[in-house]
Amino acid sequence: VQPLALRFWPEFAWVGSLTRHIFRMLTHWGSMVEVTFLPVYFPNEAEKKDPTLYANNVQAVLAGALQLPAERVSTQIGAKELFSSGS
């Protein structure tokens, strides 16, 4: 797999409620995105046997390229937090 790292500039960051975020996205004339093509990542024998290990290692490569921590986020938890925020 060839990882592709996308970095959106801070003006596109999540701020406030879902409604406010969608409004900002729809009324923003343009967005700056930095695209970085990373070297092709070939799985080793252990990764071929364990897809989760492979995914975690590719995630770590992407996180390193973006200089961010590799974090595990649940979309279920994220959706609950998103729709329960009162901002």
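## Salt bridge

The structure holds one salt bridge, defined as a side-chain nitrogen of Lys or Arg within 4 Å of a carboxyl oxygen of Asp or Glu. The model is predicted: local features need pLDDT of at least 70 and side-chain atom pairs count only at pLDDT 80 or more, whereas totals for chains, interfaces and linings use all residues. Residues are numbered from 1 along each chain as its sequence is written, and side-chain values use heavy atoms, with hydrogens and water left out.

The partners are glutamate 45 and lysine 48, whose closest N and O atoms are 3.5 Å apart. Side chains of opposite charge can pair when their charged atoms come close. Glutamate 45 and lysine 48 are separated by about one helical turn because they are three residues apart in helix 2 (residues 45-49). Both glutamate 45 and lysine 48 are exposed (relative accessible area over 50%; buried is under 20% and partly exposed in between, with a 1.4 Å probe and protein chains only).

## Overall architecture

Four helices and two strands make up the protein, in the order β-α-β-α-α-α along the sequence. These elements are DSSP runs numbered from the N terminus (helices: H or I, at least four residues; strands: E, at least two).

Of the 87 residues, 11% count as buried. The accessible surface comes to about 7,000 Å², of which 63% belongs to carbon and sulfur atoms (Shrake-Rupley method, 1.4 Å probe; for residues, only the protein chains shown count as cover). Among contacts (heavy atoms within 4.5 Å) between residues at least 6 apart in sequence, 61% join residues at least 24 apart.

## Helix 3

Helix 3 (residues 51-66) has 16 residues and reaches 23 Å from its first C-alpha to its last, close to the 22 Å expected at 1.5 Å a residue; the expected span is 1.5 Å times one less than the number of residues. Val58, Ala63 and Leu66 are buried in helix 3. Seen down the axis, the buried residues fall within an arc of 140°, so they line one face of the helix; the arc is taken over the directions from the helix axis to the C-beta atoms.

These buried residues of helix 3 pack against strand 1. Glutamine 67, which follows helix 3, has a positive phi near 55°.

## Nonpolar surface patch

Leu4, Leu6, Phe8, Val33, Val35 and Phe37 make a nonpolar surface patch of about 550 Å². Strand 1 (4-8) and strand 2 (33-37) are the elements that give two or more residues to this patch. Patches comprise residues with over 30% relative accessible area and no salt bridge, with like charges joined within 9 Å and nonpolar side chains (Val, Leu, Ile, Met, Phe, Trp, Tyr) within 5 Å.

Leucine 4 lies in strand 1 and is partly exposed, with a relative accessible area of 39%.
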